[in-house]
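Here are a few friendly notes to read alongside the structure. Take your time and look for each feature as you go.

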Amino acid sequence: MSGSIKGMVGCYNMNSSQQMCAVELSLPFIQQAIDILDLSNISMTQPLIIADFGSSHGLNSMYAIKSIIEYIQKSKNEQRSFLIVHNDLSTNDWTILFDLLNKDNSYYGLASGRSFYEQCLPSNSLIIGYSSTSIHWLSCKPCNISNICISPLNINNDKFKHQAYLDYSQFLEHRSNELILGGVLILCIHCLNDKELNGLEIAHQLLYKCAQSLLLTEQELLDYTIPVYYRTYSECIDQDLFKKFSLKLIKSDMLEARINILNQLQQGKISLDEFAKDRTQFVRSWGEPSLRQALEMNNKRSEKDIQILLDQFWKMYENEVKQLSNQFDTSSCRTYLILKKI
């Protein structure tokens, strides 16, 4: 897991509206997946196990899970109990998620602190697997890249592409092992659009620009490589992998997840300061851990010095957003899949 992401920062739940938009777009896929789910061979005394892989701090995850439960109860007249597994890395801030679960208290929820590139549940136990905007994060950083910090902007980086293929293969294999026969897997994958853009190009470019302005050492700047890979639609629809792991593709589509904050700015409904702060906090919620890791790797900086540098970094980033606000397209594509274990 060398160079892997350690988890989102504490402000993630409050700054993940774009990820929530992607979850909302998955609702029709959730319903269609449940429509083809056959529960007749499962004992009435057995709880239905559902897992979300990549739950982070829980706000979006709980919304998706509650939607799944409600539709099962409505469409199948199910009165059985549900056991929900929220999966993320052990380094995730689980306290935030547990606090939400305890306040909501609408289902029995457990945590699995293991990489979803490993098997996380017993074989043949899972009814529904769900994952949204998570598996573009790689299990490890295959190499450092120069002149940019995220691989999609370094198009010819075959090592990232190969690692993404290996990770996707591992993810599908383990989910197939966990699913019962006839169980379903619902995926929402942050991907490239038809023009091979991910919708976050300017945000990514500013990350590296600000890192350069922060006067990092040459090694720190090189280590600041974020372990992310945005697949193409065809990479997501890998029929060979599906067949290999006994998964049947029921439905796939590519949709645009869009929020209207840029329109709000252009229409004068929010100020430029509000817009810049929103976009900065969105990127900080997932972009800071990799920068912090790069600053910590060589053990040459104190925690106090690291925090000062991080604060300087995000202040610079916010100022850059103000200068380039019109370039911040607030849409990005997701590939949606329904897979059934056969």
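The points below go from the whole chain to its sheet and then to the helices beside it.

1. Please keep in mind that this is a predicted model. The C-alpha trace spans about 60 × 45 × 40 Å along its principal axes.

2. How much of the chain is buried? Of its 342 residues, 56% count as buried. The chain exposes about 15,200 Å², and carbon and sulfur atoms supply 48% of that area.

3. Now trace the open sheet, whose seven strands follow the order β3-β2-β1-β4-β5-β7-β6 with mixed pairing. At the edges you will find β3 (108-113) and β6 (247-258), each pairing on one side only. On average, neighbouring strands of the sheet are turned by 15 degrees against each other, direction ignored.

4. Strands of a sheet pair through backbone hydrogen bonds.

5. Finally, turn to two helices. Helix α3 (residues 59-76) packs on the sheet and touches β1 (48-53), β2 (82-88) and β4 (126-132); the direction of α3 makes about 155 degrees with that of β2. Helix α5 (residues 158-178) lies across β1, β4, β5, β6 and β7, and runs at about 150 degrees to β5.

Technical notes. Residues are numbered from 1 along each chain as its sequence is written. This is a predicted model: local features need pLDDT of at least 70, side-chain atom pairs count only at pLDDT 80 or more; totals for chains, interfaces and linings use all residues. Side-chain values use heavy atoms; hydrogens and water are left out. Two strands pair if DSSP finds at least two bridges between them. Helices (H or I, at least four residues) and strands (E, at least two) are DSSP runs, numbered from the N terminus. Axes are lines fitted to C-alpha atoms, for helices over the stretch in contact, and angles run from 0 to 180 degrees between N-to-C directions. Contact means heavy atoms within 4.5 Å. Buried means under 20% relative accessible area, exposed over 50%, partly exposed in between (1.4 Å probe, protein chains only). Accessible areas come from the Shrake-Rupley method with a 1.4 Å probe; for residues, only the protein chains shown count as cover.
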